[in-house]
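This report concerns one protein model. The sequence and structure come first.

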Amino acid sequence: MFKNDEFPNFHKRSCFIKNMKKIYYDNSKKDKNKISILGRIYSIRDFGKAQFIDIKDPTGKIQIYLSVTMLKKNFNNKFILGTILWCRGYLFKTKKNDISLKACLISSLVKPEKIIPLLWKNIKNIHIRYTYRYLDILLNEKIKYYLTIRMYIMNCFRNFLKKYNYE
């Protein structure tokens, strides 16, 4: 068994994405606290002097704003779709009234072996969707929800049979 000291992880999350709206509205009048999040990159939009990255974790989705200075600091760190990212920064509202995270520190933790395709949700061919099931579960929230419900039902069924010594 591995000890926690052998493979230390210095990047911790301070909150989940679903709690960020509450944190933003609670701390809007007070001093701004730094927030750190972990998530997978789902889209990248580049506007020259700024870059927006959409990140998802198991609870929700948020966009990260990278300014010119952050882009210069992370020049070696080219972000691709599917990368698991750690980010620390301040919450703010964009012009479209979306709550976003202005990045102060950012680093990629895990880069994917294969890049996630952009147009995966538009694929209607069922044979292709079943062939690449891992992508279907990763990108389609409805399929992911059905899979978790199925796992819960199977687990209840398994526990019931164990309770009465059916093995």
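The text below covers the barrel, the nonpolar core and the cysteines.

The model is predicted, so local features need pLDDT of at least 70 and side-chain atom pairs count only at pLDDT 80 or more, while totals for chains, interfaces and linings use all residues. Residues are numbered from 1 along each chain as its sequence is written, and side-chain values use heavy atoms, with hydrogens and water left out.

Five strands form a closed barrel in the order S1-S2-S3-S5-S4, with mixed pairing. The twist from one strand to the next averages 55 degrees; axes are lines fitted to C-alpha atoms, and angles run from 0 to 180 degrees between N-to-C directions. Strands are DSSP E runs of at least two residues, helices H or I runs of at least four, numbered from the N terminus. Pairing requires at least two DSSP bridges between two strands. S3 and S5 are parallel over 3 bridges, and Gln63 has Ser100 in S5 as its bridge partner.

The largest nonpolar core has 25 residues, and Ile37, Ile53, Ile64, Leu85 and Leu91 touch the most other members. Such a core is a set of buried Ala, Val, Leu, Ile, Met, Phe, Trp, Tyr and Cys residues joined through side-chain atoms within 4.5 Å. Elements giving two or more residues to this core include helix H1 (20-26) and helix H4 (133-139).

For Cys104, the nearest cysteine sulfur is that of Cys87, 7.9 Å away. Buried means under 20% relative accessible area, exposed over 50%, and partly exposed in between (1.4 Å probe, protein chains only).

| Residue | Relative accessible area | Class |
|---|---|---|
| Cys15 | 8% | buried |
| Cys104 | 23% | partly exposed |

Notes. A disulfide is a pair of cysteine sulfur atoms within 2.5 Å.
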